[in-house]
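Here is a short report on one protein model.

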Amino acid sequence: MDVRLRFRILYYLLIVFFIAIYLIAIWCMVSDRVHFSVTLSLFLTLHVVITSIGWRLPIIQARAGIFQTLTEGPIHEITTELLRKAELKLKQIHVFIQPAKSFNAMVNGYRDYFYIIVTKPLLETLSNEELRAILAHEIAHIKHKDGVKRLFDLWMLIILPMGLLTTANVLPKDSLSSNLIGTIGIVSFVVLLLRWLSNTRKGEYAADRYAAELIGDKEALIRALTILNEKSRYKPEFAVYRRPLLTHPDLNSRIANLRKA
Ligand SMILES: [Zn+2]
């Protein structure tokens, strides 16, 4: 069987498995029959597994030959030059090319090993200057330790409300303490979700400013972001009430942030 097909089957099986475990965990949370420590352990284990697989998956895909790994050439040279400029001493950095239909770039990793994923259509569309700007943006995320910060916020968003709701569930039904803790649990979820989204957007603005400074060319980054936005068919501007729910600021806001920097 083709390695890509095998990988795709494995990928969908994993998704089905996680949804099933997640549903079981939610059932445990609302059920009186399962002790809350069991539910909490189940949720924690699930999130450790998801985080680890999410981080390892692109490396496995690269090893299986699904992602192309750049170890030389202009893109690799630009990346190492930008890392040097940003004074980042990493043990290893990999640039993976993902054969997807989307126009995207992302970074993942921790401590001194990171990988940047650039999708093939993005690589083929952008000029070297624009690609340099996108790589600088991803390197800014490494410099600002955004991955760890986002993960921490996400964990808070899951653990705190879930702990409160589970506690409310084990307290006597319809008691004041149970209702109060349950309400705080729901409110904390909404607050922490908005906080996570807001911090993520702030991280994007900061990464854009740092990238523009690193390459000394904010116009190249604006061009690259505009192309990425157009090709992904996103609106350049979102309604004010929708903005707090975005993980990334809309294009016009990012351009305004860069122009005033
Ligand atoms: Zn970013």
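## Core packing

This is a predicted model. A224 touches L126, E130, A133 and I134, with residues up to four places away in sequence left out of the count. Two of the names in this contact set, A224 and A133, return in the largest nonpolar core. That core has 33 residues. A133, A136, A211 and A224 have the most contacts inside it. Several elements supply at least two residues each: strands β2 (92-98) and β4 (113-119), and helices α5 (128-143), α7 (176-215) and α8 (218-231). Of these, α5 gives the most, with eight residues.

In general terms, nonpolar side chains in soluble globular proteins tend to be buried together.

## L131 in helix α5

L131 sits in helix α5. Is L131 buried or exposed? It counts as buried, because 21 C-beta neighbours lie inside 10 Å, and the cut-off for a buried residue is 20 or more.

Which residues does L131 contact, once neighbours within four places in sequence are left aside? They are I75, L123 and L126. L126 is also one of the residues that A224 touches. G163 is another matter. L131 and G163 are 32 residues apart in sequence, and their C-alpha atoms are 43 Å apart in space.

## Strand pairing

Strand β2 pairs with β1 and with β4. Strand β1 (residues 68-70) is joined to β2 by three bridges, and the two run antiparallel. Here Q68 stands opposite I97 of β2. Between β2 and β4 there are seven bridges, and these strands run parallel. H94 has Y115 in β4 as its bridge partner.

Strand β3 (residues 105-110) also pairs with β4. Six bridges join β3 to β4, in antiparallel fashion. Y110 stands opposite Y113 in β4. The two strands form a hairpin with two residues between them. In that turn, R111 has a positive phi of about 50°. As a general point, side chains in a regular strand alternate between the two faces of the sheet.

Helix α2 (residues 36-63) has 28 residues. At 1.5 Å a residue it should span 40 Å, and its end C-alpha atoms are 40 Å apart, so the two values agree. The helix still bends, by about 35° at R56. A proline, P58, follows within four residues. P58 is also buried, as are T39 and F43 in α2. After α2 comes G65, with a positive phi near 85°.

Helix α3 (residues 74-85) has twelve residues. From its first C-alpha to its last it reaches 16 Å, close to the 16 Å expected at 1.5 Å a residue. I75, a contact of L131, falls within the residue range of α3.

## Two domains

The domain assignment gives domain 1 as residues 1-66 and domain 2 as residues 67-260. Their C-alpha centres lie 22 Å apart. The contact between them takes 14 residues from domain 1 and 16 residues from domain 2.

Which elements give two or more residues to the side of domain 1 that touches domain 2? They are α1 (3-30) and α2. The largest share of that side, eleven residues, comes from α2. This is the helix that bends at R56.

## Overall layout

The protein has nine helices and four strands. From the N terminus on, the elements run α-α-β-α-β-β-β-α-α-α-α-α-α. Along its principal axes, the C-alpha trace spans about 65 × 50 × 35 Å.

Of the 261 residues, 23% count as buried. Among contacts between residues at least 6 apart in sequence, 64% join residues at least 24 apart.

Notes. Residues are numbered from 1 along each chain as its sequence is written. This is a predicted model: local features need pLDDT of at least 70, side-chain atom pairs count only at pLDDT 80 or more; totals for chains, interfaces and linings use all residues. A nonpolar core is a set of buried Ala, Val, Leu, Ile, Met, Phe, Trp, Tyr and Cys residues joined through C-beta atoms within 7 Å. A residue is buried if 20 or more other C-beta atoms lie within 10 Å of its own, exposed if 12 or fewer, and partly exposed in between; C-beta atoms are placed from the backbone. Two residues are in contact if their C-beta atoms, placed from the backbone, lie within 7 Å. Two strands pair if DSSP finds at least two bridges between them. The expected span of a helix is 1.5 Å times one less than its number of residues. The bend at a residue is the angle between axes fitted to the seven residues ending there and the seven starting there. Domain bounds come from an automatic or database domain assignment.
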